[in-house]
Amino acid sequence: APGLRGLWHYLGRAGTFLLDTWRLIAMRRDPSTRLKTPLGLEKRVAWAEPLPLGRAKAIGRELGCSLNDVLLGCVAGGLRQELERYGDATEGLEVRAAVPYNMRPLNQFERLGNEFGLVYLPLPAGIADPEERVREVCRRMQALKGSMQPAVSWFTLKLLGWLPGSLERVFLNYFSARASAVMTNVPGPQQPIVLDGCEIETPLFWVPRSGDLGLGISIFSYDGQVHFGVVTDARQLPEPERLIEAFVAEFAELDSRFPEVESGEDKRLSA
């Protein structure tokens, strides 16, 4: 009966919600790497020369993955390079990134206020091969698509807002200890934006962090190009430009493996 099917559907969703709540609470702390060094006061920023969006999409098609998977695979490889430079062991390493997830319906985008949950994405920094790393990111993203983790974290964030400040900080530090970075990947307009008669050529941006998270990685696609921005705590990563260079090098390696793939664009990454 339709009513019975609806009941089973809601019971299944409720069970998934409770299971993902338990998984979030029971999640282990992120590994002790350079990224878990206690924070200082000084912050530093860096940004990359834009990468060709068409090439990233074409590489994703060849690997059977999405554009997002390709970019996150490059991020994981860049983190691997940077942590190895500081002497951290990377074999089998996973570095979790807290990724904001929009909970606002598309038909209500004009409303003010924050309405987002979080997804804890384990980046496979322990995988050396770029292609294998991208495919592993793809597999993990597919596993997260059926998760209710964004809804659980959204509900938790709402609840924390009603708690006293001291108690709120305890929970905030608890959940920030489960990740080593905050990361956003936002699709932007693919036509140039004009502001007061001036065309915007290159956007610069850095995601805010909270708790004990010192690393913020921002990815933004605009006008056929992909832009990377990084903000770091100076105690953890005093040279964020090195991390940017590692991201670009990972992308260049993937780009070189598929020289015959057509992207439909003239823009190519120069290694």
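**Close-up 1. The loop between β6 and β7.** In the loop that joins β6 (194–195) to β7 (198–199) lies D196, a residue of what is a predicted model. The phi of D196 is positive, about 55°, although D196 is not a glycine. Most residues other than glycine have a negative phi. With a relative accessibility of 76%, D196 counts as exposed.

**Close-up 2. The hairpin of β8 and β9.** Strand β8 (residues 216–222) and strand β9 (residues 225–233) pair in the antiparallel sense over 7 bridges, and G216 stands opposite V231 in β9. The two strands form a hairpin with 2 residues between them. In the loop between β8 and β9 lies D223, another residue that is not a glycine and yet has a positive phi, near 50°. At a relative accessibility of 25%, D223 counts as partly exposed.

**Close-up 3. Strand β8 and its parallel partner β5.** On its pairing with strand β5 (residues 181–187), β8 runs in the parallel sense over 6 bridges, with N185 standing opposite I219 in β8. Strand β8 is mostly covered, since 7 of its 7 residues are buried. In a regular strand the side chains alternate between the two faces of the sheet. Here G216, S218, F220 and Y222 point one way from β8, whereas I217, I219 and S221 point the other way, and residues of both sets are buried.

**Close-up 4. The nonpolar cores and the surroundings of F228.** The largest nonpolar core holds 44 residues, of which V75, L79, L123, M183, L215, F228 and F247 touch the most other members. Helix α3 (residues 67–85) supplies the largest share of this core, 8 residues. A second, separate core of 7 residues includes M27, Y120, V207 and L213. In soluble globular proteins, nonpolar side chains tend to be buried together. Leaving aside neighbours within four places in sequence, F228 is in contact with A46, W47, A48, L51, L71, V75, S218, I219, I244 and F247.

Close-up 5. Buried residues of α7 are P240, L243, I244, A246, F247, E250, F251, A252, L254 and D255. E245 and R242, which both lie in α7, are 3 residues apart, about one turn of the helix, and they form a salt bridge in which the closest N and O atoms are 3.9 Å apart. E245 is partly exposed, with a relative accessible area of 49%, and R242, at 33% relative accessibility, also counts as partly exposed. Salt bridges that share partners join D129, E131, R135, E253 and R257 into one network.

Close-up 6. A search of the whole structure finds 15 salt bridges, among them the one between E82 and R85, whose closest N and O atoms are 3.0 Å apart. Both E82 and R85 belong to helix α3, where they lie 3 residues apart, about one turn of the helix. E82 counts as buried at 3% relative accessibility, whereas R85 counts as partly exposed at 33%. In helix α4 (residues 130–145), R140 and E136 are 4 residues apart and are therefore separated by about one helical turn. The side chains of R140 and E136 meet in a salt bridge with an N to O distance of 2.8 Å, and both residues are buried.

**Close-up 7. The cysteine pair C138 and C65.** The sulfur of C138 has its closest cysteine sulfur in C65, at 3.7 Å, which is too far for a bond, given that a disulfide requires the two sulfur atoms to be within 2.5 Å. In keeping with this, a search of the whole structure finds 0 disulfides. At 13% relative accessibility, C138 counts as buried, because buried means under 20% relative accessible area.

How values were computed. Residues numbered from 1 in each chain as written. Predicted model: local features only at pLDDT ≥ 70, side-chain atom pairs only at ≥ 80, totals over all residues. Heavy atoms only, no water. Buried < 20%, exposed > 50% of the residue type's maximum accessible area, 1.4 Å probe, protein only. Core = buried A, V, L, I, M, F, W, Y, C linked by side-chain atoms within 4.5 Å. Contact = heavy atoms within 4.5 Å. Pairing = 2+ DSSP bridges. Salt bridge = Lys/Arg side-chain N within 4 Å of Asp/Glu carboxyl O.
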